[in-house]
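Here are my notes on the model, point by point. Have the coordinates open while you read.

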Amino acid sequence: MLCTKCGNEIQSPEKFCPKCSAPLEAAPVPNPGSAPNPANPAPGGYVMPAPAKGKAVYGANTIVGIVGAVLAFVSMFLSWLTTDEAKLSFIQIGIRANNADVGKTGIALLVIAFLGIALVVLFQLVKLPKLSALGVLCLLFILVIFLRSKDAIGSTVEIGSAVSWAIGFWVYVTGIIACTVGVFLNKKRI
């Protein structure tokens, strides 16, 4: 017979478990036509206690993914491009590009970036980290646009063509790396 509290195997008929002192009860005889009930285990069976309901347990992948999304979000307000005369954040670049006769490109980039961040957070919180790869792809798209056209963006937003990356850009890259790790990290509870 096994103790239903700690799972200790009991050899002789006892009234209390010698290991955890839980009272031992005779298990009811199951009806042959009924389905097994985890609350009433079969004689000698041990049932693990169910996890507490209402308590969300997130894995390391979720936490790393959300931290990456937060970094990407914060980077939007930091300087991305810099020259001797000016420093522009991602949001300022998007607004200036939108106002500079290049269509709605600036606003589209802002929408794609914020959509990517929202997708990462949403899918990580609902415990579907593989789907948060869609958000990572949006963030990578923005990164590729900036890497390919840094000087063109600088001249479009009228800060010159000799621009360099500032801290906001590097925080964004770190955020993308963390989001990507969050997608592919093994699910381990922390």
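1. At what angle do helix α1 and α6 pack, and how far apart are their axes? The angle is about 160 degrees and the axes of α1 (residues 60-75) and α6 are 7 Å apart. Axes here are lines fitted to C-alpha atoms, for helices over the stretch in contact, with angles from 0 to 180 degrees between N-to-C directions. α1 and α6 are therefore roughly antiparallel to each other; angles under 35 degrees count as roughly parallel, over 145 as roughly antiparallel, 65 to 115 as roughly perpendicular and the rest as oblique. The crossing of the two is left-handed, that is, the near helix is turned anticlockwise from the far one by less than a right angle (clockwise would be right-handed).

2. Before going on, the ground rules. This is a predicted model, in which local features need pLDDT of at least 70 and side-chain atom pairs count only at pLDDT 80 or more, while totals for chains, interfaces and linings use all residues. Residues are numbered from 1 along each chain as its sequence is written, and side-chain values use heavy atoms, with hydrogens and water left out.

3. Now the overall inventory. The protein has 6 helices and 3 strands, where helices (H or I, at least four residues) and strands (E, at least two) are DSSP runs numbered from the N terminus. Along the sequence the pattern reads α-β-β-α-α-α-α-β-α. Of the 190 residues, 34% are buried (buried is under 20% relative accessible area, exposed over 50%, partly exposed in between, with a 1.4 Å probe and protein chains only). If you take the contacts (heavy atoms within 4.5 Å) between residues at least 6 apart in sequence, 59% of them join residues at least 24 apart.

4. Back to the α1 and α6 pair, and who touches whom. On the α1 side the residues are N61, V64, G65, G68, A69, L71, A72 and S75. They meet G168, V171, Y172, T174, G175, A178, C179, V181 and G182 in α6.

5. α6 also packs with α4 (residues 133-148): their axes come within 10 Å and cross at roughly 150 degrees. That makes α4 and α6 roughly antiparallel to each other, and α4 passes α6 in a left-handed crossing. From α4 the contact uses A133, V136, L139, L140, I142, L143 and L147; from α6 it uses F169, Y172, V173, I176, C179, T180 and V183.

6. On to the sheet. The 3 strands form an open sheet in the order β2-β1-β3, with antiparallel pairing; two strands pair if DSSP finds at least two bridges between them. β2 (87-89) and β3 (164-165) stand at the edges with a single partner strand each, so one side of each has no neighbour in the sheet.

7. Looking at the pairings of β1 (residues 79-82), 3 bridges join this strand to β2, and 2 bridges join β1 to β3. A hairpin through 4 residues joins β1 to β2. On the β2 side, S79 stands opposite S89 and T82 has K87 as its bridge partner. T82 also has a bridge partner in β3, namely S164.

8. How does the sheet meet the helices? Helix α6 (residues 167-184) lies across β1 and β3, and runs at about 130 degrees to β1. Have a look at L81, which is found in strand β1 and is buried, with a relative accessible area of 0%. The C-alpha atoms of L81 and G168 are separated by 8.2 Å, although the two residues are 87 apart along the chain.

9. Cysteines: how many disulfides does a search of the whole structure find? The count is 0, with a disulfide taken as a pair of cysteine sulfur atoms within 2.5 Å. For C17 the closest cysteine sulfur is in C6, at 3.8 Å, which is too far for a bond. C17 counts as buried at 2% relative accessibility, and C138 counts as buried too, at 17%.

10. Most residues other than glycine have a negative phi. K127 has a positive phi, near 60 degrees. K127 is found in the loop between α3 (105-125) and α4, and counts as partly exposed at 38% relative accessibility.
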